[in-house]
Amino acid sequence: MNKDNILEVRHVHKRFTSKNVTVKAVTDVSFEVKAGQTIGIVGESGCGKTTLGRCIVRAYNASEGEVWYRTAAGEELDFLKADKKKMKLIRKEIQMIFQDPYSSLDPRMTVLDIIEEPLKANFPDMPKAKMDELAKDMAAKVGLNPTYLMRYPHAFSGGQRQRIGIARALVINPRIIVCDEAVSALDVSIQAQVINLLCDLQKEMNLTYLFISHDLSVVEHISDRVGVMYLGRMVEYGDTEQIFSHPRHPYTEALLSAVPVADPNYQVERIPLKGEIPNPANPPSGCYFHERCSYCCEQCCTESPAYIEVEPGHYVACHRANELELRGFDYK
Ligand code: SF4
């Protein structure tokens, strides 16, 4: 592993098979994550971003590939091949915040029990008084009133519930958090509060985030690097500034043209995508995007583009990446 990286995802594939039908949910995804960074993963619903996040925390076992992780003790481990003992160690260091703050909390548990659950699972010998103290401290840190912790989740609003989910993920002091659409179920004003909270906690606890979202304006605000996924493949990956100002993949250009801006004077021509996202059980030949791409050429229909580095740290899977002049997101 590169010494600056905390995580290296190498050629990860995830296939689901049911009744002789195989769905390629994630195909050959590779990227690197430096410690303390936020990586945004974007794409339409069904593009495989959540499956990728779940493979990284090993909620799903990837079908192929490697996920190398540098532990707090400096040991390098291939996450996907780690045995039970090593997984126990890694699970303390990598946690997840889920999309739905309603279904991700057990309605029969008090908030205190919910926040303490990871402590009970990972530190079974810890005295209850110590667990209570840590849970209350963490509740206060995420802006929850510790005196309300004996209540049940139904007594809290959506934003407060997501704070409970954040407290549960952070209470064991992890190093990496996979945020799976962590703010999409919230109202816009609450989204801003939760995003600011995540940014503050990142600085305070030196966290690394993998931020999965379909909302590009949120991703631009929070991320250092961005990966764009289409039909299970990573089609573009680079610094947020590179991706937003000079995209090199036509799919990224189309996504950026659809970012809403709350300014009536900002007029931008939207690039409509033709048709629907193809069936991942029967993807198109060549470039998976060719049926919807307005820059498609003959080669695109038959040959899958290689994922290449077009400038330092900027990777693209497009045959025409070096010749196209694509439009970025220029609203500042
Ligand atoms: Fe479009 Fe061809 Fe590039 Fe695919 S490889 S994104 S079809 S130009």
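Tutor: Let's start with the sheet, then move on to a helix and a few single residues.

A word on ground rules: this is a predicted model, so local features are used only at pLDDT of at least 70 and side-chain atom pairs only at pLDDT 80 or more, while totals for chains, interfaces and linings use all residues. Residues are numbered from 1 along each chain as its sequence is written, and side-chain values use heavy atoms, with hydrogens and water left out.

Helices (H or I, at least four residues) and strands (E, at least two) are DSSP runs, numbered from the N terminus. Here 8 strands make an open sheet, in the order 6-7-8-3-9-10-12-11, with mixed pairing. Two strands pair if DSSP finds at least two bridges between them. At the edges sit strand 6 (94–97) and strand 11 (308–311), each pairing on one side only. From one strand to the next, the twist averages 20°.

Now follow the pairing. Strand 3 (residues 38–42) runs parallel to strand 8 (residues 208–212), with 4 bridges between them. On strand 8, Tyr209 is the bridge partner of Thr38. Helix 1 (residues 49–56) packs on this sheet and touches strand 3, strand 6, strand 7 (176–180), strand 8 and strand 9 (225–230). Its direction makes about 150° with that of strand 8; such angles run from 0 to 180 degrees between N-to-C directions, using axes fitted to C-alpha atoms, for helices over the stretch in contact. Helix 5 packs on the sheet too, touching strand 6 and strand 7, and its direction makes about 175° with that of strand 6.

Buried means under 20% relative accessible area, exposed over 50%, and partly exposed in between (1.4 Å probe, protein chains only).

Next, look at helix 4 (residues 128–141). Its 14 residues should span 20 Å at 1.5 Å a residue, and its end C-alpha atoms are 20 Å apart, which agrees; the expected span is 1.5 Å times one less than the number of residues. Met131, Asp132, Ala135, Met138 and Ala139 are buried in helix 4. They cover an arc of only 135° around the axis, which puts them on the same side of helix 4; that arc is taken from the directions from the helix axis to the C-beta atoms. An α-helix has 3.6 residues a turn, so residues three or four places apart point the same way. The buried residues of helix 4 pack against helix 3 (111–122), helix 5 (158–170) and helix 6 (188–205). Just after helix 4 comes Gly143, with a positive phi of about 85°.

Finally, find Thr252 in helix 9 (residues 250–257). Thr252 is buried, at a relative accessible area of 1%. Apart from its neighbours within four places in sequence, Thr252 is in contact (heavy atoms within 4.5 Å) with Val228, Glu236, Ile243 and Pro247. Arg327 lies 75 residues away along the chain, yet the C-alpha atoms of Thr252 and Arg327 are separated by 9.4 Å.
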